[in-house]
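Here's a quick tour of a protein chain for anyone new to reading structures. Have a look at the sequence and the model, then work through the notes below.

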Amino acid sequence: MTLKDLLNQNDRFAAVNGIQLTEVREGYARAEMTVGKDHLNGGNVCQGGALFTLADLAFAAVTNSRGHLSFGVQSSITFSQSARLGDHLIAECVETFPHHRLPYCEVKVRNQEGKLICSFTGMAYSKSDQALPVEGLM
């Protein structure tokens, strides 16, 4: 099983919300979702938690891409504009500081027109003594 498969199958919250990893490389990942009616908040735009979950799945893939179990320990999100019903969103995560124990990443979420919806930053803690049971990234 690859890391992409492991996270797509085992991150049940992301899967239930229609979020899937589409690319995973060492230090880079892309996750995607289409905004459905169940993603909308009371203002009839995409709920911030759905955007956070999309960014967080890409973040999880990157921080685990070196083969060791990693968990987020800090994250922040800034919303630039609203995503709307039917928008196809792409989260691209890049590891900006590849520390062996505390990797730091940045995620940009854009819509189908390439417009920035939100920016996410996060730091993880990698457990160097716990290897992931995966055979490759994709």
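## A first look at the chain

The protein chain exposes about 7,100 Å², and carbon and sulfur atoms supply 51% of that. Accessible areas like this one come from the Shrake-Rupley method with a 1.4 Å probe, and for residues only the protein chains shown count as cover.

Keep in mind that this is a predicted model: local features need pLDDT of at least 70, side-chain atom pairs count only at pLDDT 80 or more, and totals for chains, interfaces and linings use all residues. Residues are numbered from 1 along each chain as its sequence is written, and side-chain values use heavy atoms, with hydrogens and water left out.

**Overall build**

- You'll find three helices and six strands in the protein chain; helices (H or I, at least four residues) and strands (E, at least two) are DSSP runs, numbered from the N terminus.
- Going along the sequence, the pattern reads α-α-β-β-α-β-β-β-β.
- The radius of gyration of the protein chain is 14 Å, close to the 14 Å that the globule rule gives for 138 residues, so the chain is as compact as a globular protein of that length. That radius is taken over C-alpha atoms, and the globule rule is 2.2 Å times the number of residues to the power 0.38.
- Taken along the principal axes, the box filled by the C-alpha atoms is roughly 45 × 25 × 25 Å.
- Of the 138 residues, 40% count as buried. Buried means under 20% relative accessible area, exposed means over 50%, and partly exposed is in between (1.4 Å probe, protein chains only).
- Take the contacts in the chain with a separation of 6 or more: residues 24 or more positions apart account for 64% of them. A contact here means heavy atoms within 4.5 Å.

**Inside the protein**

- Which residues of helix α1 are buried? In this helix (residues 3-10), they are L3, L6, L7 and N8.
- Those buried residues of α1 pack against α2 (12-16), β1 (20-25) and α3 (48-63).
- M33 sits in strand β2 (residues 28-34) and counts as buried, at 1% relative accessibility.
- Leaving aside neighbours within four places in sequence, M33 is in contact with G18, I19, H39, C46, A50, L54, D87, H88 and L89.
- M33 and L21 are twelve residues apart along the chain, and their C-alpha atoms are separated by 9.2 Å.

**Aromatic rings**

- There are two aromatic pairs. Rings of Phe, Tyr and Trp (its six-membered ring) pair if their centres lie within 6.5 Å; planes under 30 degrees apart count as stacked, over 60 as edge-to-face and the rest as tilted.
- One of them is the tilted pair of F59 and F120, with 5.5 Å centre to centre and 55° between the planes.
- This pair links distant parts of the chain: F59 is in helix α3 and F120 in strand β6 (residues 116-131), 61 residues apart.
- Buried or exposed? F59 counts as buried at 2% relative accessibility, and F120 counts as buried at 1%.
- F52, F59 and F120 form one aromatic cluster.

**Charged partners**

- Side chains of opposite charge can pair when their charged atoms come close.
- How many salt bridges are there? The count comes to six, where a salt bridge is a side-chain nitrogen of Lys or Arg within 4 Å of a carboxyl oxygen of Asp or Glu.
- R25 and E23 meet through their side chains in a salt bridge (3.1 Å, N to O). R25 is partly exposed at 44% relative accessibility, whereas E23 is buried at 17%.
- E32 forms a salt bridge with R30, with the closest N and O atoms 3.2 Å apart. Here E32 counts as buried at 18%, while R30 is partly exposed at 22%.
- E23, R25, R30 and E32 are linked in a network of salt bridges.
- E113 and K115 form a salt bridge too, their closest N and O atoms being 3.3 Å apart. E113 is exposed at 55%, and K115 is partly exposed at 42%.

**A patch on the surface**

- V73, L102 and Y125 form a nonpolar surface patch, with about 250 Å² of accessible area together. Patches are made of residues with over 30% relative accessible area and no salt bridge: like charges are joined within 9 Å, nonpolar side chains (Val, Leu, Ile, Met, Phe, Trp, Tyr) within 5 Å.
- L102 is in the loop between β4 (88-97) and β5 (104-110), and L102 is partly exposed, with a relative accessible area of 33%.
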